[in-house]
Amino acid sequence: MKETETIVEMITRFIDIVNGLEALGKTYKESEKVMKILRSLPSKWHTKVTAIQEAKDLTKLPMGELIGSLMTYEINLTKKLQEGEDKKKKSIALKATTKEEEGVEEEKPSDEDDDLALITRKLNKYMRGERFKGRKFISRRDPSVNPTFLMMRSHSIGETHFSLFG
């Protein structure tokens, strides 16, 4: 049987071949014809072939009953394939967009953010130092002067240094 061929087309072709052989003098028993039809079916029919072989006595199975059983299976197989195609058609595809397509740009950490984070870490480290361990702040500078940070960046080394000046 060809992949695109229906059972009716296959049986018609098979009967034409058998009739031609009978005209030449070669005859086949009914059971031989049944076996030849079952062997000629493609692999997607394997489950039906196995079911027929196990459920029926192939030596007594008439061709008409076999053809009817195969036609019923073909109708069910076609129906299942159509349902599968319908499910594929009903599936929903969502369009994925990126932030760039939406016109929203992702915020990138700037050098200023990096510098601020570094200042914060240095200040926290400094605050945990010996001068701040007690309850009172011990100042080496004049308390009337407001301390300010001075940032110095060394471009050759790639580091940023911070100093506290009063």
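**Entry 1: terms and model**

I began with burial: a residue is buried when its relative accessible area is under 20%, exposed when it is over 50%, and partly exposed in between, with a 1.4 Å probe and protein chains only. By this rule I noted that Glu-5 is buried, because its relative accessible area is 10%.

The model is a predicted one, in which local features need pLDDT of at least 70 and side-chain atom pairs count only at pLDDT 80 or more, while totals for chains, interfaces and linings use all residues. I number residues from 1 along each chain as its sequence is written, and side-chain values use heavy atoms, with hydrogens and water left out.

**Entry 2: the whole chain**

I looked up the pLDDT, which is the predictor's confidence in each residue, from 0 to 100. The protein chain averages 77, and 67% of the residues score at least 70. Among the elements, helix 1 has the highest mean pLDDT (93), whereas strand 1 (residues 148–154) has the lowest (49).

I then listed six helices and two strands, which follow the order α-α-α-α-α-α-β-β from the N terminus on. Helices (H or I, at least four residues) and strands (E, at least two) are DSSP runs, numbered from the N terminus.

Of the 166 residues in the protein chain, 18% are buried. The chain exposes about 13900 Å², of which carbon and sulfur atoms supply 54%; accessible areas come from the Shrake-Rupley method with a 1.4 Å probe, and for residues only the protein chains shown count as cover.

**Entry 3: around Glu-5**

I found Glu-5 in the segment before helix 1 (7–23). Taking contact to mean heavy atoms within 4.5 Å, and leaving aside neighbours within four places in sequence, I recorded Met-10, Arg-13 and Glu-74 as the residues in contact with Glu-5.

Next I checked polar contacts, which are pairs of N or O atoms within 3.5 Å; within protein, one must be able to donate a hydrogen and the other to accept it, and residues adjacent in sequence count only if both atoms are side-chain atoms. The side chain of Glu-5 makes such a contact with the side chain of Arg-13 at 2.8 Å, and a polar atom of the Glu-5 side chain lies 3.1 Å from the backbone nitrogen of Lys-2.

**Entry 4: salt bridges**

Side chains of opposite charge can pair when their charged atoms come close. I used the salt bridge cut-off, a side-chain nitrogen of Lys or Arg within 4 Å of a carboxyl oxygen of Asp or Glu, and how many does the whole structure hold? The search finds three.

One of them joins the side chains of Arg-13 and Glu-5 (2.8 Å, N to O), and Arg-13 counts as partly exposed because its relative accessibility is 34%.

Another joins Lys-33 and Glu-22 (3.8 Å, N to O). This pair links distant parts of the chain, with Lys-33 in helix 2 (residues 30–40) and Glu-22 in helix 1, 11 residues apart. Lys-33 is at 16% relative accessibility and so counts as buried, whereas Glu-22, with a relative accessible area of 35%, is partly exposed.

In the bridge between Glu-65 and Lys-56, the closest N and O atoms are 2.7 Å apart. Glu-65 is partly exposed at 39%, and Lys-56 is partly exposed at 38%.

**Entry 5: a surface patch**

Finally I noted a nonpolar patch on the surface, formed by Leu-123, Tyr-126 and Met-127, with about 250 Å² of accessible area together. Patches are made of residues with over 30% relative accessible area and no salt bridge, where like charges are joined within 9 Å and nonpolar side chains (Val, Leu, Ile, Met, Phe, Trp, Tyr) within 5 Å. Leu-123 lies in helix 6 (residues 111–127), and at 32% relative accessibility Leu-123 counts as partly exposed.
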